[in-house]
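Please find below a colleague's note on the model shown here.

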Amino acid sequence: DFSNLFARDLLPAKNGEEPTIQFLLEVVDILTNYVKKTFDRSTKVLDFHHPHQLLEGMEGFNLELSDQPESLEQILVDCRDTLKYGVRTGHPRFFNQLSSGLDIIGLAGEWLTSTANTNMFTYEIAPVFVLMEQLTLKKMREMIGWPGGEGDGLFSPGGAISNMYSVMIARYKYFPEVKTKGMSAAPRLVLFTSEHVRDPTYLIKSILWRVIPADLEAKIIDAKQKGYMPLFVNATAGSTVYGAFDPINEIADICEKYNLWLHVDGAWGGGLLMSRQHRHKLSGVERANSVTWNPHKMMGVPLQCSAILVREKGILAGCNSMCAGYLFQPDKQYDVTYDTGDKAIQCGRHVDIFKFWLMWKAKVRWREINWYFLSFILCDVNKKRPRCVLIHCVYFCVQPQHTNVCFWYIPPSLRGMPDGDERREKLHRVAPKIKAMMMESGTTMVGYQPQGTKVNFFRMVVSNSAATQSDIDFLIDEIERLGHD
Ligand code: ABU
C-alpha cells in the first residue's frame with residue numbers, strides 16, 4: 001500500500017531504499033503487464049477518447065498538475081492510466097506508422113538508458129555510450145559501402161533533423177564562410193528532390209514515384225541559367241507514402257558531372273542495407289556524400305533512433321562546432337575528439353545508441369523479415385477482393401518496392417458508379433470515415449491520406465515484426481466490416 005508514501009520517502013531519503021525498491025517493482029509490474037497485453041490479440045490497439053474527454057478527466061485520471069504532491073499510490077494509478085489511454089504501437093495490428101513494434105531487447109536498452117540518465121555531449125560523462133555510438137556508426141558506414149567504414153556521423157532526434165544536417169554540411173562544404181558571415185556569403189543555393197517530398201526548392205518529376213534523372217539534369221541546367229547555384233540533390237530510398245526508391249547510381253552520375261552534394265534519405269528504406277535480398281534497392285548509396293538512416297523505422301528500434309552518416313570525416317565538427325568552453329575544454333586528460341557534442345547543433349543529446357547497439361548484438365543480422373512477404377500477401381488479398389483497389393496495381397502494375405501498400409476501399413454503393421467528380425468526392429470520404437470508426441472500435445490502425453490528384457487512400461506499412469498473415473487478413477476484414485454502407 002503506497003497511499004501514505006510520497007516521493008520524499010524515496011531515495012535519496014534516509015531509509016528510502018526499501019520503499020524505492022518496492023515502488024520500482026510495482027512500476028515494473030505495470031510495464032511488464034503492458035508488454036504482455038501488447039502482444040495479446042484479444043487486447044485492443046487503443047481505447048480512443050477525444051482530447052476534451054481526456055482533459056475533462058477519465059474515471060479519476062486527472063491530467064491537471066495539482067498544487068499538492070500526490071501519494072505514490074496515485075502516481076502508480078497515473079502510470080497505469082497513462083498506458084491505458086495511450087496507443088499500443090507494438091500491437092501486431094498497429095499499422096499506422098513507419099515506426100511500430102515493441103522489441104524486447106530494445107525496450108531493455110531504453111530502460112537502461114533512462115536509468116543511466118546521461119548526456120552524449122562528452123566522453124567524460126558518457127564514455128561507454130560515446131564509444132558504442134562511434135563503433136555502431138562505423139558499422140553502418142561499412143554497410144553503406146564507404147571504404148573501411150571511414151567517415152563521420154551522429155544520432156539525431158529524427159529523420160528530418162538528420163536531413164537538415166546534410167543540407168547544413170553540404171552548404172558548409174561549398175561555402176564555409178556561411179558559418180561566420182551568414183547566408184549573404186553564399187549565392188542563391190538550390191536543392192533538388194522528388195516531387196513527392198514536401199516543400200522542396202526544385203521538384204524533380206518522377207515516374208512510378210521514382211525521380212527521372214533526365215528531369216533532374218534539365219532542372220540543374222535551368223537553375224544555372226537563372227543564375228542560381230545548384231548545391232544538393234536528395235535521392236529518396238524508401239519514400240514515406242509509396243516506399244519508392246530513386247535510382248541512386250543515375251543520380252550520382254549527374255551529381256558528379258555537376259559537382260553537387262548527393263544525399264540519400266534512407267530514413268525509411270535504409271534498414272534494407274542489412275538485408276542480403278533487398279539491399280540492391282539502394283545500389284549506388286556508396287556514392288552518396290551523406291545518408292539518413294532511421295533504425296527506429298524498418299529495424300524496429302524503439303523511438304528515437306535516427307542517424308546522419310557522412311562520407312567526409314570531420315565535416316560535422318567543422319560545420320557545427322562552437323567550442324563551448326564549459327564543456328569542450330581542449331586540455332582534458334583524454335583524447336577530446338571523443339567529445340562528440342560539438343558536432344551537433346543541439347547541446348544536450350539523448351543516448352539513442354544503447355538500445356540499437358544491444359539489438360544489433362542480440363540479432364546480428366536483422367531477420368530477412370517477413371514484412372515483404374506480408375505486404376505481398378496484402379497485395380494478393382486485395383487482388384482477390386476487388387472491393388479494394390490497389391494503387392500500386394492500378395499505377396505500377398508491379399509489386400510495391402517496399403512494404404508500403406496503398407489502396408482505396410470501394411464500398412458497395414460506389415462499385416457500379418462511373419468515374420467522375422461525384423464518385424471521387426464520395427471516395428475521398430471513405431478512408432477517413434473508416435479510420436474514425438476503426439479508432440472508435442480500437443481494433444486496428446492504418447494510415448490514410450490524399451496525394452496530388454488522388455483522393456484519400458489507405459497507406460498500409462508493414463514494419464512490425466509481430467504482425468502475421470492473420471493480422472493482414474484481420475485489417476482487410478475490418479475495413480470491409482466498417483466500410484459496408
Ligand atoms: N517522418 C515520416 C514518418 C511518417 C510516418 O510514420 O507515418
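The numbered points below take these topics in turn.

1. Basis of the note. The structure is a predicted model, in which local features need pLDDT of at least 70, side-chain atom pairs count only at pLDDT 80 or more, and totals for chains, interfaces and linings use all residues. Residues are numbered from 1 along each chain as its sequence is written.

2. Confidence. The scores of the model are ipTM 0.96 and pTM 0.95. Over residues 392–397 pLDDT stays under 50, and the model has seven contacts beyond four places in sequence for them; two residues are in contact if their C-beta atoms, placed from the backbone, lie within 7 Å. Where pLDDT is low, the predicted coordinates should not be read in detail.

3. Domains. The domain assignment, which is automatic or from a database, gives domain 1 (7–88), domain 2 (112–363) and domain 3 (371–483). Six residues of domain 1 are in contact with seven residues of domain 3. On the side of domain 1 that touches domain 3, four residues are nonpolar, none is polar and two are charged. In this classification Ala, Val, Leu, Ile, Met, Phe, Trp, Tyr, Cys and Pro count as nonpolar, Asp, Glu, Lys and Arg as charged, and the others, Gly among them, as polar.

4. Helix α5 against helix α11. Helices are DSSP runs (H or I, at least four residues) and strands likewise (E, at least two), numbered from the N terminus. Axes are lines fitted to C-alpha atoms, for helices over the stretch in contact, and angles run from 0 to 180 degrees between N-to-C directions. Helix α5 (residues 127–144) packs on helix α11 (residues 353–363) at an angle of about 55°, their axes being 9 Å apart. That angle makes α5 oblique to α11; angles under 35 degrees count as roughly parallel, over 145 as roughly antiparallel, 65 to 115 as roughly perpendicular and the rest as oblique. The crossing of α5 past α11 is left-handed, meaning that the near helix is turned anticlockwise from the far one by less than a right angle, whereas clockwise would be right-handed. Phe-129, Met-132, Glu-133 and Thr-136 of α5 make the contact with Ile-353, Phe-354, Phe-356, Trp-357 and Trp-360 of α11. By class, seven of these residues are nonpolar, one is polar and one is charged.

5. Helix α4 against helix α11. Helix α4 (residues 104–116) also packs on α11, at an angle of about 145° and with the axes 8 Å apart. Here the crossing is right-handed. Residues of α4 in the contact include Ile-105, Ala-108 and Leu-112, while those of α11 include Phe-354, Leu-358 and Met-359. The contact of α4 with α11 has seven nonpolar, three polar and two charged residues.

6. Helix α15 against helix α16. Helix α15 (residues 421–441) and helix α16 (residues 469–483) meet at an angle of about 105°, with axes 9 Å apart. This makes α15 roughly perpendicular to α16. Val-430, Ile-434, Met-437 and Met-438 of α15 contact Glu-478, Ile-479, Leu-482 and Gly-483 of α16.

7. Backbone geometry. Most residues other than glycine have a negative phi, and most peptide bonds are trans. Leu-11 and Pro-12 are joined by a cis peptide bond with omega about 15°, and Pro-12 is in the segment before α1 (17–38). The bond from Leu-303 to Gln-304 is also cis, with omega near -5°; Gln-304 is in the loop between β9 (290–293) and β10 (306–310). Glu-59 has a positive phi, near 40°, and lies in the loop between α2 (51–56) and α3 (72–84).

Methods:
pLDDT = per-residue confidence, 0-100.
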